[in-house]
Amino acid sequence: MNQPLSTSATSAAQAQDHVDNARLQAAIAALAAFGGRPDGGVSRETLTEVDLASRRHLIEQARALGCEVMVDDCANLFFRRAGQRNDLPPVLTGSHGDTQPVGGKLDGAYGVLAGLEVIAALNDAGIETIRPIEVVAWTNEEGSRFGPGTMGSSAFVEPSRLAGYLDSVDKNKVRFGDALQTALASTPDVPRCAMQRPMSACVELHIEQGPVLERAGIPLGVVTGIQAVRWFSVTCHGMMAHAGTTPMDERRDAMAAAVPLAQKLYDFAAAEAASQLRLTLGRWQVAPNSVNTIPGRVEFTVDMRCVDDSVLDRFEAFLRAEVAAAGEAMEVSRFFQREPTHFPAPMLKLIEEAATRASAQAGLPAPMALTSGAFHDAMYVADHCPTAMIFVPSKNGISHNAAEATDPRDLFLGVQALAYTVTALANQEQ
Ligand SMILES: [Zn+2]
């Protein structure tokens, strides 16, 4: 690595052109063998034995590429390729290595392996960047074994959160804190690194997990932000009574109050289709939940999401007004909210440049801007350093399913766009 440094754009293009699709596909297949299922899916929940084995596999792969390997207190793994100025904060890329109980080969794994492929491409191209580059495999993004999700990235950016996660237990009553100690003990040869270390920028490459890119026939998406979310619990009070003997006009039926409210919420969401408001009334609890008793109490949850917080403000005001109009018969409380994430414009501009070059070379349409409907590690990292995401299409919009798939051509183009972006960022001294 001692040839003269080319200009930033030239080395970014060189890195992009050295991405090797066969090597990428082989790496995806090799990691998918850890927890691989006969139906083509992958079961690799966080910190299980198979997850720990996959981590050792990743460590070997990264060391073979010349990376230094480090792990932090939340067992987030970092694979570091040195730069010319190792005193400068690195550029970060990567994603998570864990899956849902039944997931696919790509959700998370693709972003980690893409980062390693970028390093392999830089090695092949003989490029030495100014800043170091680190590939991260975050712990427990999925949240299916231990809640909540995105533990690793959220604890990295705010280490005080970790203490609150340690007593989370899985269905076999294993504590997260104990699983974490086992994981850290399983890599005694890997030095510990600090949480909350400065990073100059972060780019996460991920499958879309929705249908937008596929429908548009566009291989690469520039993710402009992540939707805001608010969760509510609505309770309707009635009086339990006999389903056969109580006349209809003498009932206080909690379900008869809940259903019209639910319909009004769906109507509101339909009227806001242009703002891409998403509404889910996902959990219903009916008391006594008996076929022949009038419901005395109905409680349901409201999950509302939109990238535009003002739409959620209006929706919340509407919900609260409807509940207030019912007097003491209804109550509503908000039990979770997350503000929208807007990725910074300079990052989006660079990703657009990278994705446009990759798509044009393949004779495919230019990238499109879209927002993420799902949470990602990048959402938390965005609180720590300039962060953005790249999406590739998901076949039929499916994920968290063994049928999750992406055209290998699109997987290749995604890594090409990532290679360009990461290399250009790693050559920015400021
Ligand atoms: Zn994911």
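1. Let me start with a salt bridge: Arg63 pairs with Asp189, and the closest N and O atoms are 2.8 Å apart. Arg63 sits in helix H3 (residues 49–64) and Asp189 in the loop between H7 and E5, so the pair ties together parts that are 126 residues apart in sequence. Here a salt bridge is a side-chain nitrogen of Lys or Arg within 4 Å of a carboxyl oxygen of Asp or Glu. Helices (H or I, at least four residues) and strands (E, at least two) are DSSP runs, numbered from the N terminus. Arg63 is partly exposed at 36% relative accessibility, and Asp189 is partly exposed at 47%. For these labels, buried means under 20% relative accessible area, exposed over 50%, and partly exposed in between (1.4 Å probe, protein chains only).

2. A word on the basis of these notes: this is a predicted model, in which local features need pLDDT of at least 70 and side-chain atom pairs count only at pLDDT 80 or more, while totals for chains, interfaces and linings use all residues. Residues are numbered from 1 along each chain as its sequence is written, and side-chain values use heavy atoms, with hydrogens and water left out.

3. How many salt bridges does the structure hold? There are 25 salt bridges in the structure. Glu316 and Arg230 meet through their side chains at 2.8 Å, N to O. Glu316 belongs to helix H10 and Arg230 to strand E7 (residues 228–237), so this bridge ties together parts that are 86 residues apart in sequence. Both Glu316 and Arg230 are buried. They also belong to a network of salt bridges that links Arg230, Asp309, Asp313, Glu316, Arg320 and Arg334.

4. Glu322 forms a salt bridge with Lys264, with 2.9 Å between the closest N and O atoms. Glu322 lies in helix H10 and Lys264 in helix H9 (residues 254–271), so parts that are 58 residues apart in sequence are tied together. Glu322 is partly exposed at 22% relative accessibility, as is Lys264 at 38%. Arg314 is also found in helix H10 (residues 309–325) and is partly exposed, with a relative accessible area of 42%. Leaving aside neighbours within four places in sequence, Arg314 is in contact (heavy atoms within 4.5 Å) with Phe268 and Glu272.

5. Next, the domains. The assignment, which comes from an automatic or database source, gives domain 1 (8–226 + 341–426) and domain 2 (228–338). Their C-alpha centres lie 38 Å apart. The contact takes nine residues from domain 1 and eight residues from domain 2. Between them the domains bury about 670 Å², 52% of it on carbon and sulfur atoms; buried area is the accessible area (1.4 Å probe) that two parts lose on being put together, summed over both. Which three residues supply 51% of the area that domain 1 buries against domain 2? They are Thr371, Gly373 and Phe375, more than any other three residues.

6. One salt bridge is counted between domain 1 and domain 2. Asp383 and Arg338 meet in a salt bridge at 3.6 Å, N to O. Arg338 also lies over the face of Tyr380, at 4.7 Å from the ring centre, and Arg305 lies over the face of Phe375 at 5.5 Å. A charge sits over a ring if NZ of Lys or CZ of Arg is within 6 Å of the ring centre and within 35 degrees of the ring normal.

7. The structure holds nine aromatic pairs. Phe78 and Phe156 form a tilted one, 5.6 Å centre to centre with 45 degrees between the planes. This pair links distant parts of the chain, with Phe78 in strand E2 (residues 77–81) and Phe156 in helix H5, 78 residues apart. Phe78 is buried at 0% relative accessible area, and Phe156 is buried at 0% too. Ring pairs link Phe78, Trp138 and Phe156 into a cluster. Rings of Phe, Tyr and Trp (its six-membered ring) pair if their centres lie within 6.5 Å; planes under 30 degrees apart count as stacked, over 60 as edge-to-face and the rest as tilted.

8. Finally, the backbone. The peptide bond from Ala287 to Pro288 is cis, with omega near 5 degrees, and Pro288 is in the loop between strand E9 (284–287) and strand E10 (297–306). Asn289 lies in the loop between E9 and E10, has a positive phi near 60 degrees, and is exposed at 62% relative accessibility.
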